[in-house]
Amino acid sequence: MTTASAQGKINLVFQVGALSNGYHEVRSVYQAIDLAETVTVRESNSWEIEVHGEVPNLELVPRDESNIVVRAAVELARSAGITNPQPMKFTIQKRIPVAGGMAGGSADAAAALVALNEHWCLGKSDAELAEVGAKLGADVPFALLGGTALGTGSGTQLTKLSDNPTLHILLIFSEFALSTKDVFQAFDSIRPAGDELAADLEENYSNRIGENSLLPAALKLRPDLKSVLELDLGIQGGFLSGSGPTVWFSTPDHAVVEQAQQRARSLGYRSVLTQTSSLGARLS
Ligand code: ATP
């Protein structure tokens, strides 16, 4: 039995360009947060998925071979020349809302890759795991790397950025899910040519914190998100995380974020306090 974990993320900035060759070119500053998914792998007679956690939309997580952790196992085995891999049972502890715009599935895939690389004694390097991860989803390489990074291309080409001072983050969860695919489709209908991608994002992203090209598309699908985004909690925000619907607020001050959470609670919102993290996927 082997266990690994990987952090969820927010996008400090998320710019989406035009659709080309089947994917949108993006320019994104990814930030890992201190909410981690944990994946335990053990040998089994068939591929099995067990999911635990108290997060919105847990029922949407596939319990069959379509789960991204099984796809990760098959792809990792293939990269090692194994065509008939040992079936595994995966126990996933979820802390990241499902279909919440925080790359929970990608974190599960990253943790599964790290756990299986160890369990199957494959000896793949970080760069080799990232290559496998990029085949599974645009956010998987970042879930492996963690910390703060600039993502270009489809989001898989990463440049590690220096860690910022800790930011305390208040996440407002939504009970509804937003499919990333649906949000991108809505984006295409609103902005068929895409948004302009800033050439200097790496140096100047601190002036653009919270910018997210997908915001009008998410609002088109869920106009009720507006009231969450406009909440006055006395801290910076609210900003849409990835394709939503999770909304985040931030402050460097822990006492201030706690007050903001109390206010959100008194207004009836489901919230979680976390902070920025410098960690990537790792064995636990
Ligand atoms: P992103 O921010 O990367 O676009 P997300 O955080 O919005 O993703 P996920 O939680 O990764 O969304 O899940 C998206 C969909 O992927 C789910 O609705 C589900 O059908 C499918 N899925 C497959 N495997 C998993 C998994 N292990 N955990 C969550 N969802 C999974």
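Predicted model: local features only at pLDDT ≥ 70, side-chain atom pairs only at ≥ 80, totals over all residues.
## Ligand contacts

An oxygen atom of the ligand is placed 2.9 Å from a polar backbone atom of A99, a polar contact in the sense of a pair of N or O atoms within 3.5 Å. The protein covers 79% of the 620 Å² of accessible area that the ligand has on its own, with areas taken from the Shrake-Rupley method with a 1.4 Å probe.

Residues are numbered from 1 along each chain as its sequence is written, and side-chain values use heavy atoms, with hydrogens and water left out.

## The shell and the pocket

The ligand is surrounded by 20 residues, of which the closest are G101, A103, G105, D139 and T180; a residue is counted here if one of its heavy atoms lies within 4 Å of the ligand. By class the shell comprises 9 nonpolar, 7 polar and 4 charged residues, where Asp, Glu, Lys and Arg count as charged, Ala, Val, Leu, Ile, Met, Phe, Trp, Tyr, Cys and Pro as nonpolar, and the others, Gly among them, as polar. Helix α2 (residues 104-119) gives the most to this shell, with 4 residues, helices being DSSP runs of H or I with at least four residues and strands being E runs of at least two, numbered from the N terminus.

The ligand sits in the largest pocket. A pocket is an open set of points on a 1 Å grid over the protein atoms alone, with protein on both sides within 12 Å along at least five of seven lines, and a molecule sits in it if more than half of its atoms lie within 2 Å of its grid points.

## A hairpin and backbone geometry

Strands β5 (residues 148-152) and β6 (residues 157-161) run antiparallel and are joined by 5 bridges, with pairing requiring at least two DSSP bridges. K160 in β6 is the bridge partner of A149. The two strands form a hairpin with 4 residues between them, and G153 in the turn has a positive phi of about 65 degrees.

The peptide bond from G237 to G238 is cis, with omega near -10 degrees, and G238 belongs to strand β8 (residues 236-240). The bond from G244 to P245 is cis as well, with omega near 5 degrees, P245 being in the loop between β8 and β9 (247-251).

How values were computed: Polar contact = N/O pair within 3.5 Å; in protein donor to acceptor, adjacent residues only side chain to side chain. 1 Å grid on protein atoms, 1.4 Å probe; cavity = no way out; pocket = protein on both sides within 12 Å on 5 of 7 lines; lining within 4 Å.
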